[in-house]
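These are my notebook entries on one structure.

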Amino acid sequence: KMTKLATRSNKLTSVLAWELEPESGVCREEVTVVMQAGMDVGSAVAFDGTSKYVWIQASAVATLNTDVGVVLTAEKDIPSMTVGDQKMTILKRGHAKIVGTALNYKDALSAPQKATVLAAFKAKNILDTVAV
């Protein structure tokens, strides 16, 4: 019999390489995320300017809000959540390291677009593990 953890589509350890004081949650914050089909742990989100975080898509990178985050957890398995506003815990601030290649986006981003998103994370002291 497989455990629930073993059936998850994406695991926290595949995207979060390191964070400062994980026991205190200093880098994390529970926020409202607009859940969309296909989202999971590792989804890159950006603040919509009002009250929610939305999944980053290619058409939004040019005007990307610098308040970015990475979906880490929710009360239930993220892929099984209903579409719409949901409470999720995101990696919101550093000191932390993420696996940039493991982030998932709403659609396909070009290499320069991914670099723009990773630069927004770097500005928040959330570093990519492959960055120098």
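Which residues is lysine 92 in contact with, leaving aside its neighbours within four places in sequence? I found Cys27, Arg28, Glu29, Tyr53, Asp67, Val68, Lys124 and Ile126, where contact means heavy atoms within 4.5 Å.

**Source of the values.** I worked from a predicted model, in which local features need pLDDT of at least 70, side-chain atom pairs count only at pLDDT 80 or more, and totals for chains, interfaces and linings use all residues. Residues are numbered from 1 along each chain as its sequence is written, and side-chain values use heavy atoms, with hydrogens and water left out.

**Lysine 92.** I located lysine 92 in the loop between β6 and β7; helices (H or I, at least four residues) and strands (E, at least two) are DSSP runs, numbered from the N terminus.

**Three-stranded sheet.** I traced an open sheet of three strands, in the order β1-β7-β8 and with mixed pairing; two strands pair if DSSP finds at least two bridges between them. Its edge strands are β1 (16-19) and β8 (126-128), each pairing on one side only. β1 and β7 (residues 96-98) run antiparallel and are joined by three bridges, with tryptophan 18 opposite lysine 97.

**Strand β3.** I then followed β3 (residues 44-47), which pairs with β5 (residues 68-73) in the antiparallel sense over three bridges. Its pairing with β4 (residues 53-55) is also antiparallel, over three bridges. Alanine 46 has valine 68 as its bridge partner in β5 and stands opposite valine 54 in β4. β3 and β4 form a hairpin with five residues between them, and glycine 49 in the turn has a positive phi of about 90°.

**Core.** I looked up the largest nonpolar core, which has 36 residues. Such a core is a set of buried Ala, Val, Leu, Ile, Met, Phe, Trp, Tyr and Cys residues joined through side-chain atoms within 4.5 Å. Ile56 and Leu91 have the most contacts inside this core.

Terms used: Buried means under 20% relative accessible area, exposed over 50%, partly exposed in between (1.4 Å probe, protein chains only).
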